[in-house]
Amino acid sequence: MCCNGNITPRPESSCAARENNKCCGSVGFDNAVNMCCNGAMNARPDGYKDSNKCCGQQAFDNIGSMCCNGVVNLRPSGSPSYHECCGTVAFNKYSCTCSDSILSCGQCDGEDFDSTNQMCCNGNITPRPDPTCSARENNKCCGSVGFDNVAEMCCNGAVNARPDGYKVNNKCCGQQAFDNFANMCCDGVVNARPCGDPSNHECCGTVAFNQIKCQCNNKALVCI
């Protein structure tokens, strides 16, 4: 094929339909799997083809990302209609303002902070959890730090990974998270549940027991 006065091979005919043979500068390419961004060849991003856009010489998916003055940013939270650029940074104009390329997103104990990437926890500015892993609505405070309430939980000021099992069974024992289905908390100590019906499970001091088989007297356990 002829690309800007240069004779160049067509893309592999067994892979590229002829109507997808396009020019990028002086070379040919398959427009179904690649795209040309200002003379640079890029593999098409994942997602719908209509959402494949160029940011300078870089290809990106316009649904999950946006281009700000030649820099690809992950889209901030909220409706895309509120998404704007402040210099090279994407922001949500509903929660932040931009003046002379300086982003302001509220105050934390009198200090300006970027609420797109940061959060205010008890007067402390702390980074938000990774937006690629944690939806904004799951960003919560645990004392003075932020955490992802889906993957983690806060127990008396300590961030814990959520235990396996259903979220409804995730409980705290002091500063330790545990699964209340398989375990129980006795005076700040996590115990494996004893055998038998959970309605018969009680604590004797820091020890779990089945009241059908054992008795507790002044925190002394006697089992038959």
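A strand is here a DSSP run of E of at least two residues, and strands are numbered from the N terminus. Asn92 lies in one of them, strand S12. The model is predicted. The chain is divided into domain 1 (1-63), domain 2 (65-104) and domain 3 (182-223).

**Domains**

- The C-alpha centres of domain 1 and domain 2 are 28 Å apart. Six residues from domain 1 and seven residues from domain 2 take part in the contact.
- Gly47 is found in the loop between strand S6 (40-43) and strand S7 (52-55). Gly47 is exposed because its relative accessible area is 60%, and exposed means over 50%.
- Gly47 and Tyr94 are separated by 47 residues in sequence. In space, C-alpha to C-alpha, Gly47 and Tyr94 are 27 Å apart.

**Largest pocket**

- The volume of the largest pocket is about 330 Å³.
- Its lining consists of 16 residues. Arg75, Pro76, Ser77, Thr116 and Pro131 are those that lie nearest the centre of the pocket.
- Strand S10 (71-74) and strand S12 (89-92) are the elements that give two or more residues to this lining.
- Sorted by class, the lining holds seven nonpolar, six polar and three charged residues.

**Asn92 in strand S12**

- Asn92 belongs to strand S12. Asn92 has a relative accessible area of 6% and therefore counts as buried, the cut-off being under 20%.
- A polar atom of the Asn92 side chain lies 2.8 Å from the backbone oxygen of Ser77.
- Not counting residues up to four places away in sequence, Asn92 touches Pro76, Ser77, Gly78, Tyr82 and Thr116. Pro76, Ser77 and Thr116 are also among the residues nearest the centre of the largest pocket.

**Asn191 in strand S26**

- Strand S26 (residues 189-192) contains Asn191. Asn191 is buried because its relative accessible area is 15%, which is under 20%.
- The Asn191 side chain reaches the backbone oxygen of Val189 at 3.0 Å.
- With neighbours within four places in sequence left aside, the contacts of Asn191 are Ala182, Asn183, Met184, Cys186, Thr206, Val207 and Ala208.

- Gln118 is in strand S17 (residues 118-121). Its relative accessible area is 28%, so Gln118 is partly exposed.
- Beyond four places in sequence, Gln118 touches Phe113, Ile125, Thr126, Pro127 and Arg128.
- Gln118 and Ala151 are 33 residues apart in sequence, and their C-alpha atoms are 19 Å apart in space.
- Cys141 is in strand S19 (residues 139-142). Cys141 counts as partly exposed because its relative accessibility is 34%.
- When neighbours within four places in sequence are set aside, Cys141 is in contact with Met119, Cys120, Cys121 and Phe147.
- Cys141 and Ile102 are 39 residues apart in sequence. The C-alpha to C-alpha distance between Cys141 and Ile102 is 26 Å.

- Most residues other than glycine have a negative phi. The two residues below have positive values.
- Asp100, which is not a glycine, has a positive phi of about 55 degrees. Asp100 lies in the loop between strand S13 (97-99) and strand S14 (102-104).
- Asp100 has a relative accessibility of 73% and so counts as exposed.
- Lys219 has a positive phi near 65 degrees, and it too is a residue other than glycine. Lys219 lies in the loop between strand S29 (214-217) and strand S30 (220-223).
- Lys219 is exposed because its relative accessible area is 63%.

Conventions:
Residues numbered from 1 in each chain as written. Predicted model: local features only at pLDDT ≥ 70, side-chain atom pairs only at ≥ 80, totals over all residues. Heavy atoms only, no water. Helix = DSSP H or I, 4+ residues; strand = E, 2+ residues; numbered from the N terminus. Buried < 20%, exposed > 50% of the residue type's maximum accessible area, 1.4 Å probe, protein only. Polar contact = N/O pair within 3.5 Å; in protein donor to acceptor, adjacent residues only side chain to side chain. Contact = heavy atoms within 4.5 Å. 1 Å grid on protein atoms, 1.4 Å probe; cavity = no way out; pocket = protein on both sides within 12 Å on 5 of 7 lines; lining within 4 Å. Points joined across faces, edges and corners; volume = space filled by probe spheres on them. Nonpolar A, V, L, I, M, F, W, Y, C, P; charged D, E, K, R; others polar. Domains from an automatic or database assignment.
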